[in-house]
Amino acid sequence: MVSLGTASASPGEVDTGRLEVGETRDGSPVRLPVAVVNGADDGRTLYMQAASDGDELNGVGVIQRVVPRLDPRELAGTILIVGVVNYHAFQVAEHRNPIDDTKMNRAYPGDARGTSSERIAAATFEAATRADLILDLHQGSTSRMIEEARVRCGTRHRLHDDCLELARVFGCGHILDQKGPDGQLARAAPDEGIPTIDPELGGAVGWDEHSIQQGVEGVFNVLRYYGFLAGDHSPEPQTRATGFDQYGAPAGGLVDFRTDLGERVERGDTLYAITDVFGAEKAEVTADSPGIFWRCRRLPQVATGEYVCSVGTDVTSV
């Protein structure tokens with residue numbers, strides 16, 4: 001029998017339930033949706049979670065599509081799932097937890113006696129660290145971006161190669177291999193000896209079916225490669241960036257992009273121009289380094305200094 005919150009499954013069974021992590025302002029319990037898929041045969045444990053940032057919904061879409069396709073009678077090992085982590089933000093379709101104005105993926109490993117976000121992080125971190133592998137499903141929030149798998153432990157970490165292998169296996173085409181900020185699950189869990197990645201499944205407001213399907217394929221790649229399911233998976237070469245250049249607006253106006261997501265750029269190539277509302281060009285911005293056009297804002301209007309786009313740099317194939 002394997003349990004997570006109120007979900008309990010014997011070998012060959014699936015169960016769903018709730019993981020209590022606190023109370024709302026009216027005293028009602030906060031219960032995260034959880035699932036346990038307990039394979040008929042022994043094997044590793046995979047932990048997956050989604051919506052630690054409350055408006056990043058593509059990961060929820062992945063879980064919604066993956067779980068019905070899992071037959072525990074054909075599974076070796078166990079899958080633990082938290083379907084929505086940032087409960088309060090998810091309810092109001094916001095990025096940060098509105099109870100404490102915190103970005104959840106900066107709160108790990110959490111504190112069971114701390115703020116709302118720290119308590120949720122502590123509860124989900126306890127569940128995650130029962131696993132041998134961790135997938136923390138994200139997306140680019142309201143930005144437009146390519147699909148990528150992020151390795152956040154840093155290249156000098158003792159588990160770096162294992163995390164990089166997991167990212168290659170997930171196989172969404174691009175890897176950002178750059179040490180992340182403190183408080184990320186993909187930073188904290190490798191310190192506990194668990195290979196972890198946080199796939200960023202595109203960027204959209206609401207559901208992005210293409211990115212969701214990329215995530216579904218990535219999960220099943222992992223399940224086959226690591227022996228949860230029968231069948232082979234041979235990772236394909238991935239494009240890895242170890243640097244990230246961000247570009248802001250040198251003037252206020254409307255952004256006119258001259259490069260598409262995923263395109264390679266060379267130093268000096270035009271990334272975008274800023275125009276006024278009548279179409280007159282006010283400024284042009286070029287790439288400082290060669291790389292890949294990785295991420296950009298969704299809406300065109302910008303103020304001086306506002307974020308516009310990012311280019312992945314130091315690009316190699318792995």
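Two residues are in contact here when heavy atoms lie within 4.5 Å. Helices (H or I, at least four residues) and strands (E, at least two) are DSSP runs, numbered from the N terminus. The model you are looking at is predicted, so local features need pLDDT of at least 70 and side-chain atom pairs count only at pLDDT 80 or more, while totals for chains, interfaces and linings use all residues. Residues are numbered from 1 along each chain as its sequence is written, and side-chain values use heavy atoms, with hydrogens and water left out.

Let's start with helix α4. Its buried residues (buried means under 20% relative accessible area, exposed over 50%, partly exposed in between, with a 1.4 Å probe and protein chains only) are His160, Cys163, Leu164, Leu166, Ala167, Val169 and Phe170. Among the elements that cover them are β7, β9 (148-151), β10 (174-177), β11 (196-200), α6 and β12. After α4 comes Gly171, with a positive phi near 70°.

Helix α6 is next. In α6, the buried residues include Ser211, Ile212, Gly215, Val216 and Phe220. They belong to a set that packs against β5 (41-50), α1 (58-66), β6 (76-82), β7 (133-137) and α4 (160-170). How far apart are the end C-alpha atoms of α6? The expected span of a helix is 1.5 Å times one less than its number of residues. For the 17 residues of α6 (residues 209-225) this should be 24 Å, and the end C-alpha atoms are 24 Å apart, which agrees. Just after α6, Gly227 takes a positive phi of about 85°.

**Aromatic pairs**

Rings of Phe, Tyr and Trp (its six-membered ring) pair if their centres lie within 6.5 Å; planes under 30 degrees apart count as stacked, over 60 as edge-to-face and the rest as tilted. By this rule there are five aromatic pairs. Here are two of them:

| Pair | Centre distance | Plane angle | Kind |
|---|---|---|---|
| Phe244 and Trp294 | 6.2 Å | 90° | edge-to-face |
| Phe257 and Phe293 | 5.9 Å | 65° | edge-to-face |

Phe244 sits in strand β12 (residues 239-248) and Trp294 in strand β17 (residues 291-296), so this pair ties together parts that are 50 residues apart in sequence. Trp294 is buried, at a relative accessible area of 0%.

Phe257 lies in strand β13 (residues 253-257) and Phe293 in strand β17, so their pair ties together parts 36 residues apart in sequence. Together with Tyr272, Phe257 and Phe293 form one aromatic cluster.
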